[in-house]
Amino acid sequence: MRPEHPIVLITGASSGFGAAMARLLAAQGCHLALGARRAERVQVLADELVQAHGIKAFAGAVDTRDTASVNAFVEAAAASLGGLHVLVANAGLASGTYKMWETPDEDLEAMMRTNIEGVVKTIRAGIPHLRKAGWGHVFFIGSTAGHQPYEGGSVYCASKFGVKAMAHSLRLELNGEQIRVTSVDPGMAETEFSNVRLKDDTKAAAVYQGTKPLTAFDVAECVRWCLMLPDHVNIDEMLVKCLDQASVHKVHRRA
Ligand code: NDP
Ligand code: 8X3
């Protein structure tokens, strides 16, 4: 049965989509477990949301690439909040815009370990708590990059095609249980994503120049909407782009 105040675990809550989801879901009365490597940021956010909405919140450091770190974070969160109902495997990144044959090992590993292994580790640790509760929802954060590959994105696109595959598999594996599985797949959204990818704030700003990209709150709203639908309704996949982005390769820019 749907809990009155679902307990939602979000990785990558120190920035962008994860922080926006925390804010929107706290306003809905959800209790929160917020994790990222920059633990001080998630602690400040958790304290603010507890104060503003009277929810319970757990904040912790987690590196989703590391099994021990993920397991410790998930177990501490569940113990502190009394269980878990919703997992948002949001932590992820792109690193560089290399052609495939130029991709350094460091960037290859950063993307595959975070976007694939980190997602598996997070969901693997969290699923027993959702099954115990008998009600749950797992959110993957895919991308348009998991629908349409582009030059300079071979590894990132591969990782997001992988996210799409994992969401499909998990939905099959959980069929018959009250655990919904959704992949929210955004196009270009202005967060710290391009700053991390390009390691240059001027180049990052240029990615969005002349367009009106998605905001982190637009994407958080997609998660909130899927979560609040009746229990028998499962949104498998939500592909969401700003109006200016007709496709990965066609973006309208104003002068
Ligand atoms: P941000 O860079 O703003 O946020 C990324 C978050 O992931 C940060 O909180 C970061 O926290 C966290 N993170 C990264 N690596 C790790 C790690 N190893 N362990 C724990 N946390 C980690 O980007 P977005 O909010 O835009 O990105 C969120 C997700 O959305 C990603 O999966 C991204 O691929 C996806 N996405 C983004 C789009 C965009 O255009 N912005 C479009 C489509 C999908 P910290 O550094 O503190 O650990
Ligand atoms: C992020 C969107 O277009 O940079 O997933 O791949 S894009």
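Start your tour at ligand 2: select it, and you will find S143, A145, Y150, Y156, F193 and R197 around it (a residue counts as near when one of its heavy atoms lies within 4 Å). What you are looking at is a predicted model, in which local features need pLDDT of at least 70 and side-chain atom pairs count only at pLDDT 80 or more, while totals for chains, interfaces and linings use all residues. Residues are numbered from 1 along each chain as its sequence is written, chains are lettered from A and ligands numbered from 1 in the order in which they are written, and side-chain values use heavy atoms, without hydrogens and water.

**Stop 1: polar contacts of ligand 2**

Show the side chains of S143, Y150 and R197. A polar side-chain atom of S143 sits 2.6 Å from an oxygen atom of ligand 2. The side chain of Y150 also places an N or O atom 2.6 Å from an oxygen atom of the ligand. For R197, a side-chain N or O atom is 3.5 Å from an oxygen atom of ligand 2. A polar contact here is a pair of N or O atoms within 3.5 Å; within protein, one must be able to donate a hydrogen and the other to accept it, and residues adjacent in sequence count only if both atoms are side-chain atoms.

**Stop 2: ligand 1**

Now select ligand 1. It is surrounded by 29 residues, and the closest are S15, R37, R38, Y156 and T191. Zoom in on R37, where a polar side-chain atom lies 2.7 Å from an oxygen atom of ligand 1. The backbone takes part as well: a polar backbone atom of G12 is 3.0 Å from an oxygen atom of the ligand, and a backbone N or O atom of G16 is 3.5 Å from one.

**Stop 3**

Select residues 7–11, strand β1, where five of five residues are buried. Helices (H or I, at least four residues) and strands (E, at least two) are DSSP runs numbered from the N terminus, and buried means under 20% relative accessible area, with exposed over 50% and partly exposed in between (1.4 Å probe, protein chains only). I7, L9 and T11 point one way from β1, and V8 and I10 point the other way.

Which strands pair with β1? One is β2 (residues 31–36), parallel to β1 and joined over five bridges; another is β4 (residues 86–89), also parallel, with three bridges. Strands count as paired if DSSP finds at least two bridges between them. To see the pairing, highlight V8: its bridge partner in β2 is L32, and it stands opposite V86 in β4.

**Stop 4: helix α1**

Move to residues 16–27, helix α1. Nine of its twelve residues are buried, so the helix is largely enclosed by the rest of the structure. Among the buried ones are F17, M21, L24 and L25. Just after α1, look for G29, which has a positive phi of about 90°.

**Stop 5: strand β2**

**Stop 6: T122 in helix α4**

Select T122, which lies in helix α4. Is T122 buried or exposed? At 2% relative accessibility, it counts as buried. Its side chain reaches the backbone oxygen of G118 at 2.7 Å. Leaving aside neighbours within four places in sequence, T122 is in contact (heavy atoms within 4.5 Å) with L9, T11, T64, V70 and L87. L9 and T11 belong to β1, from Stop 3.

**Stop 7: helix α5**

Next comes α5, residues 154–173, whose end C-alpha atoms are 28 Å apart. Its buried residues, including Y156, pack against α4 (105–133), β5 (136–141), β6 (179–186) and α6 (193–198).

**Last stop: C242**

Finish in the loop between β7 (237–240) and β8 (245–247), where C242 is found. C242 counts as buried, because its relative accessibility is 6%. Not counting residues up to four places away in sequence, C242 touches M188, K212, P213 and L214.

Terms used:
The expected span of a helix is 1.5 Å times one less than its number of residues.
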